[in-house]
Amino acid sequence: YIETQNTSIDEYLNDYDFKQDEEVELSDRYHEKFATVWKITFKKLQKERPLALEWLKVCAFLHPDNIPVQWLEQWLKEQGITNPRKERGHLLGALSRYALIRERDSGNQLMSLHRLLQQAVRSTINIEKPFNDATSILQSQLEVFDWNEYEKRKIGFFCFVHFDWIKNNHSGEWKSIDLSVKWNILRRVGI
């Protein structure tokens with residue numbers, strides 16, 4: 001953050017002390033320190049690349065490991081972005097510069113984020129749109145999933161992992177999904 005913003009440590013600490021009285025709901029005092037630092041970063045990211053912050057909100061509802069980068073491109077198309085591949089590079093670059101994501105493989109096809117970061121993001125947002133966007137991405141992936149085609153089996157694997165994460169870690173939101181949609185999801189991925 002300090003390097004990205006070209007700021008001094010004193011300036012950063014002043015900003016941090018100023019922001020400390022903002023409430024963030026996390027499970028203990030150490031988590032609150034991280035959340036405070038992240039909130040400062042979120043505000044900077046909102047100014048620099050608002051769509052990157054919106055994507056981070058979507059990722060707050062997915063399994064934190066092995067999020068396929070192609071899902072970002074799909075989401076960008078749904079947001080009306082005309083050149084999603086180019087915008088994907090800008091968004092991932094911004095999220096990486098702020099150390100909010102980590103690319104998981106040498107081909108830059110998978111990303112991950114810290115679970116505490118997910119918790120901090122969820123504690124500061126209205127969850128309805130990002131949660132719906134996350135489940136929408138997964139549902140559209142299920143439309144092309146096919147057990148009989150080797151390459152498409154990976155889609156099923158990723159959908160299984162992420163839907164299982166949602167079901168087990170976001171039970172309140174999971175309950176809000178229409179029963180027929182849940183049945184289709186569970187049937188397709190075999191949960």
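Guide: Trp-55 is buried, at 0% relative accessible area. Buried here means under 20% relative accessible area, exposed means over 50%, and partly exposed lies in between, with a 1.4 Å probe and protein chains only. The model is predicted, so local features need pLDDT of at least 70 and side-chain atom pairs count only at pLDDT 80 or more, while totals for chains, interfaces and linings use all residues. Residues are numbered from 1 along each chain as its sequence is written, and side-chain values use heavy atoms, with hydrogens and water left out.

The buried ones are Ala-52, Leu-53, Trp-55, Leu-56, Lys-57, Val-58 and Cys-59. Helices (H or I, at least four residues) and strands (E, at least two) are DSSP runs, numbered from the N terminus.

Next, the core. The largest nonpolar core holds 46 residues, and Trp-55, Leu-56, Leu-100 and Met-111 touch the most other members. Such a core is a set of buried Ala, Val, Leu, Ile, Met, Phe, Trp, Tyr and Cys residues joined through side-chain atoms within 4.5 Å. Elements giving two or more residues to this core include helix 3 (29-48), helix 4 (50-59), helix 5 (69-78) and strand 3 (110-112). Helix 4 supplies the largest share of this core, six residues.

Take Leu-56. Leaving out residues up to four places away in sequence, Leu-56 touches Phe-42, Leu-95, Leu-100, Leu-113, Leu-117 and Val-121. A contact means heavy atoms within 4.5 Å. Across the protein chain, 66% of the contacts with a separation of 6 or more join residues 24 or more positions apart.

Then the rings. The whole structure has two aromatic pairs. Trp-55 and Trp-75 form a tilted one, 5.5 Å centre to centre with 45° between the planes. Trp-55 is in helix 4 and Trp-75 in helix 5, so this pair ties together parts 20 residues apart in sequence. Trp-75 also counts as buried, at 1% relative accessibility. In the other pair, Phe-61 and Phe-131 have ring centres 5.6 Å apart and planes at 80°, so the pair is edge-to-face. Phe-61 sits in the loop between helix 4 and strand 1 (67-68), Phe-131 sits in helix 8, and the two are 70 residues apart. Rings of Phe, Tyr and Trp (its six-membered ring) pair if their centres lie within 6.5 Å; planes under 30 degrees apart count as stacked, over 60 as edge-to-face and the rest as tilted. Phe-61 is buried at 0% relative accessible area, and Phe-131 is buried at 2%.

Leaving out residues up to four places away in sequence, Thr-135 touches Phe-163, Ile-166 and Ile-177.

Last, the whole chain. The protein chain has 11 helices and three strands. Read along the sequence, they follow the pattern α-α-α-α-β-α-α-β-β-α-α-α-α-α. Of the 191 residues of the protein chain, 42% count as buried.
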